[in-house]
Amino acid sequence: MGNTLLTAFALMLIIEGILPFVAPAAWRETFLRLASMADGQIRFIGLSSMLLGVALLLIFN
């Protein structure tokens with residue numbers, strides 16, 4: 001299980017790093033927009049992301 005978790009973490013880092021590497025200006029603009037959002041909006045994005053991840057795990061496992 002530790003190996004799987006480490007692999008998942010490594011893949012997450014690769015995916016997270018694609019946008020800043022390919023389009024740093026777009027990434028910066030997106031980050032600035034995110035920083036100006038209200039806490040509730042950020043929480044909703046986080047909740048949506050988690051639910052999508054759980055749904056994908058349930059579908060593909």
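Glu 29 and Arg 33 both belong to helix H2, which covers residues 24-35, and they stand four residues apart, about one turn of the helix. Helices here are DSSP runs of type H or I with at least four residues, strands are runs of type E with at least two, and both are numbered from the N terminus. The two residues form a salt bridge, in which the closest N and O atoms are 3.7 Å apart; the term means that a side-chain nitrogen of Lys or Arg lies within 4 Å of a carboxyl oxygen of Asp or Glu. One salt bridge is found when the whole structure is searched.

The model is predicted, so local features need a pLDDT of at least 70 and side-chain atom pairs count only at pLDDT 80 or more, whereas totals for chains, interfaces and linings use all residues. Residues are numbered from 1 along each chain as its sequence is written, and side-chain values use heavy atoms, with hydrogens and water left out.

### The chain as a whole

The chain has three helices and zero strands, which gives the pattern α-α-α along the sequence. Its radius of gyration, taken over C-alpha atoms, is 14 Å, while a compact globule of 61 residues would have a value near 10 Å by the rule of 2.2 Å times the number of residues to the power 0.38. Along the principal axes, the C-alpha trace spans about 35 × 30 × 20 Å.

Of the 61 residues, 0% count as buried, where buried means under 20% relative accessible area, exposed means over 50%, and partly exposed covers what lies in between, with a 1.4 Å probe and protein chains only. The accessible surface comes to about 5,600 Å², and 76% of this surface belongs to carbon and sulfur atoms; such areas come from the Shrake-Rupley method with a 1.4 Å probe, and for residues only the protein chains shown count as cover.

### Exposure of some residues

| Residue | Relative accessible area | Class |
|---|---|---|
| Trp 27 | 37% | partly exposed |
| Glu 29 | 41% | partly exposed |
| Phe 31 | 47% | partly exposed |
| Asp 39 | 53% | exposed |
| Ile 45 | 42% | partly exposed |

Asp 39 lies in helix H3, and its C-alpha atom is separated by 18 Å from that of Glu 29, ten residues apart along the chain.

### Aromatic and nonpolar groups

A pair of aromatic rings is described by the distance of the centres and the angle of the planes. The search of the whole structure finds one aromatic pair: Trp 27 and Phe 31 are stacked, at 5.5 Å centre to centre with 15° between the planes. Rings of Phe, Tyr and Trp (its six-membered ring) pair if their centres lie within 6.5 Å, and planes under 30 degrees apart count as stacked, over 60 as edge-to-face and the rest as tilted. Because Trp 27 and Phe 31 are four residues apart in helix H2, about one helical turn separates them.

Trp 27 and Phe 31 are also among the residues of a nonpolar surface patch of about 730 Å², which is made together with Leu 19, Leu 34, Met 37, Ile 42, Phe 44 and Ile 45. Helix H2 and helix H3 (39-60) are the elements that give two or more residues to this patch. Patches are made of residues with over 30% relative accessible area and no salt bridge, like charges being joined within 9 Å and nonpolar side chains (Val, Leu, Ile, Met, Phe, Trp, Tyr) within 5 Å.

Ile 45 lies in helix H3 and touches Leu 34 and Met 37, not counting residues up to four places away in sequence, where contact means heavy atoms within 4.5 Å.
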